[in-house]
Amino acid sequence: MKVSERLEKIPPYLFAEIDRKIDEARAKGIDIISLGIGDPDTPTLQPVVDEMHKAIDDPKNHDYPPYNGTAQFRNGAKDWMKRRFNVDLDADTEILANIGSKEAIAHVFFAYVDKGDYTLVPDPGYPVYKNATIFAGGTPYFMPLLEENGFLPDFDKIPEDIAKKSKIMFLNYPNNPTGATADLDFYKKAVTFCKKYDILLCSDMAYSEMTYDGYKAPSVLQVEGGKDVAIEFYSHSKSYNMTGWRVGFVAGNAAAIKALGTIKNNIDSGTFKAIQQAATAAFTIDQSYIDKLNNMYQERRKVMENGLRELGWDIKPGKATFYIWIPTPDGMSSEEFATLMLEKAHLVVPPGIGYGKCGEGYIRIALTKDVETLKKAIQRMKDAGIHYSKKQ
């Protein structure tokens, strides 16, 4: 049976390919250190687990959840947004529960994109932005994230004819894969641009709480008029070590929330109510739990950054996420360097090309291993003679 044309346009999913390479190497008896997928290696925060134990035994949680999320969860999200960003939201019309950000991000394209429409997506960027555009029948226009611009898109470089045909713009700060951050002035420019061209601004805030050295990520909804054009996607995955739980929420423009909710109503039946109850507890968790996680990642970051500097990389300290984005040495392609790391040092890292054409010449390192394992990874690179030098 022939699959659809849209499916034939989709490349193999990057992280599925990484899993395949890991399995092949381990089948050969190779001791692999994977620095590939951004999946926390420490347990879900204990107060969340404790709440889940109670919630799962309660029969009232065993039936279908409300399509837009339980009132408890939506009000918890509303209160968290007020405390965190001083943003006022209506829990009934401006908050929508999701089955983790990936699901909601993919579905919003079906609510707004028709054949012939464009979307404005970052390059490099989370692969779902591009692939969901294609699934919806649209055409992605890639906004280059260049190091010389702080990995921020230049809205002035977007052709006007493309802007006029665009329905959605996706932004993601703190950024995956580059680790870059954005300030409110940047978001003001984004809001102005999207208002001018009647574009839905989608802000992916999966890493909003994973920040260091006093930096706090702002919300586009803090910008005056931001709620007129924007929605934000929040995930419990990274903030509370809940990647496998599949829960989060979308906040912002009521019309966009309704449109996304209509798509979801016809495709999914929501997140298990017990998980929503546990996720609600995460909203009020003591800040010390988040600080402890961030301190752990900051320590790992310093170990990896210092090790890479010893190997010749010019590393600037990162302020957010648990990713390090580094250039490949000697003019090697990202796939060539990722292969070298796997074959010579038995380290798995994603090639930058997997995140888009502008990711070529980079790899991403995920700090999802303990300090001793990261030190071992650096030593393997040293033993393999892997270092950074720039081809003249």
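Predicted model: local features only at pLDDT ≥ 70, side-chain atom pairs only at ≥ 80, totals over all residues.
Local features were considered at pLDDT of at least 70 and side-chain atom pairs only at pLDDT 80 or more, whereas totals for chains, interfaces and linings use all residues. Residues are numbered from 1 along each chain as its sequence is written, and side-chain values rest on heavy atoms, with hydrogens and water left out.

A cavity is taken here as a set of points, on a 1 Å grid over the protein atoms alone, where a 1.4 Å probe fits but cannot get out, and its lining residues have an atom within 4 Å of a point. Grid points are joined across faces, edges and corners, and a volume is the space filled by probe spheres set on the points. By this rule there are 3 cavities of 30 Å³ or more.

The largest cavity holds about 70 Å³ of space, and its lining consists of Trp80, Met205, Ala206, Ser208, Glu209, Tyr234, Ser235, His236, Ser239, Tyr240, Phe249 and Phe283. Two or more of these residues come from each of strand 7 (230-235) and helix 10 (236-239), where helices (H or I, at least four residues) and strands (E, at least two) are DSSP runs numbered from the N terminus. The lining comprises 7 nonpolar, 4 polar and 1 charged residues, with Ala, Val, Leu, Ile, Met, Phe, Trp, Tyr, Cys and Pro counted as nonpolar, Asp, Glu, Lys and Arg as charged, and the others, Gly among them, as polar.

The second largest cavity, with a volume of about 40 Å³, is lined by Glu209, Met210, Lys238, Ser239, Ile290, Leu293, Asn294 and Tyr297. Helix 10 and helix 13 (287-310) each provide at least two lining residues, and helix 13 contributes the largest share, 4 residues.

Notes:
1 Å grid on protein atoms, 1.4 Å probe; cavity = no way out; pocket = protein on both sides within 12 Å on 5 of 7 lines; lining within 4 Å.
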